[in-house]
Amino acid sequence: SLITQIPFGLEKIHVVVNSNDVETKLLLQSYKPSILSYELADNPGPAGGFNIGLKRFIGGAQTHVWLMDDDIVVKNSCLKGLVECAERADYVCPRVISKDGKNLGYYGWWGLLLSRAIVQRAGYPITDLFYWIEDTEYLQHRIKRIHNSPPVRCPNAVVEHWHERSGKRPSWYYYYVTRNIFYYRIHIVP
């Protein structure tokens with residue numbers, strides 16, 4: 001089961017579904033609307049999905065947003081650890097480990113907790129980036145510049161990143177990787 005109860009500190013869970021997967025829609029429809037809401041997107045990629053989700057967050061009354069992609073597994077007490085860190089910082093992230101338990105030094109859409117103030121100052125991810133480097137532009141460049149430092153890494157908050165970067169990739173992957181790297185190098189960090 002995706003969610004058996006609202007985890008520590010969460011008031012609402014909102015899911016942006018970037019596909020027309022019938023099983024996912026049926027699963028989400030089985031939860032009470034007061035606990036979980038969702039909306040369907042015509043696959044705007046991670047950039048568009050997080051853009052939609054952050055706009056929904058800013059339109060609400062919550063003080064923090066917990067961002068996560070679909071390729072992470074949240075360990076027990078992760079949110080509790082993030083909330084404890086958020087008492088002293090606006091921009092916090094969990095310790096990210098691989099499936100085999102190795103610490104990953106980088107971070108992306110993998111369980112970051114952002115304050116309303118950070119999102120209001122940073123704005124939203126660039127939807128046109130669609131896929132690849134959209135997290136780097138938003139989290140590691142724009143927010144880091146506004147916040148004047150990387151996120152505080154919370155040792156008691158852990159997520160496991162399951163994405164494996166191996167095997168043959170579709171042609172659209174190479175298009176976005178090439179285009180977005182050029183865009184990033186020319187317009188964001190010249």
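Biologist: Where is Ser77 found?

Modeller: Ser77 sits in the loop between strand 4 and helix 3. Helices (H or I, at least four residues) and strands (E, at least two) are DSSP runs, numbered from the N terminus. This is a predicted model, where local features need pLDDT of at least 70, side-chain atom pairs count only at pLDDT 80 or more, and totals for chains, interfaces and linings use all residues. Residues are numbered from 1 along each chain as its sequence is written, and side-chain values use heavy atoms, with hydrogens and water left out.

Biologist: What is the phi of Ser77?

Modeller: Ser77 is not a glycine, although its phi is positive, about 70 degrees.

Biologist: How do I read the exposure of Ser77?

Modeller: Start with the cut-offs. Buried means under 20% relative accessible area, exposed over 50%, and partly exposed in between (1.4 Å probe, protein chains only). Ser77 has a relative accessible area of 49%, so it counts as partly exposed.

Biologist: Which loop holds Phe130?

Modeller: The loop between helix 4 and helix 5. Phe130 is not a glycine, yet it has a positive phi of about 60 degrees. Its relative accessibility is 18%, so Phe130 counts as buried.

Biologist: Lys75 and Glu160: how does each count by accessibility?

Modeller: Lys75 is partly exposed, at 33% relative accessibility. Glu160 is buried, at 11%.

Biologist: What does Ser98 touch?

Modeller: Contact means heavy atoms within 4.5 Å. Leaving out residues up to four places away in sequence, Ser98 touches Leu104, Glu160 and His161. Ser98 belongs to strand 5. It counts as buried, at 12% relative accessibility.

Biologist: How many salt bridges does a search of the whole structure find?

Modeller: Five. One of them joins Lys102 and Asp100, at 3.7 Å from N to O. Both of these residues are exposed. Another links Glu137 with Arg142, where the closest N and O atoms are 2.7 Å apart.

Biologist: Glu137 and Arg142: buried or exposed?

Modeller: Glu137 is buried, at 4% relative accessibility. Arg142 is buried too, at 12%.

Biologist: How do I read the buried residues of a helix?

Modeller: Use the helical repeat. An α-helix has 3.6 residues a turn, so residues three or four places apart point the same way. Now take helix 5 (residues 134-147): its buried residues are Glu134, Asp135, Glu137, Tyr138, Leu139, His141, Arg142, Ile143 and Ile146.

Biologist: Which elements do the buried residues of helix 5 pack against?

Modeller: They pack against helix 2 (45-58), strand 5 (91-98), strand 7 (110-115), helix 4 (116-122) and helix 6 (171-188). After helix 5 comes Asn148, with a positive phi near 70 degrees.

Biologist: Where does Leu79 lie?

Modeller: In helix 3. Leu79 is buried, at 6% relative accessibility.

Biologist: Now the whole fold. How many helices and strands does the protein have?

Modeller: Six helices and eight strands. Their order from the N terminus is β-α-β-α-β-β-α-β-β-β-α-α-β-α. The radius of gyration, taken over C-alpha atoms, can be set against the globule rule, 2.2 Å times the number of residues to the power 0.38. Here it is 16 Å, close to the 16 Å that the rule gives for 190 residues, so the protein is as compact as a globular protein of that length.

Biologist: What share of the 190 residues is buried?

Modeller: Buried residues make up 41%. Among contacts between residues at least 6 apart in sequence, 71% join residues at least 24 apart.

Notes. A salt bridge is a side-chain nitrogen of Lys or Arg within 4 Å of a carboxyl oxygen of Asp or Glu.
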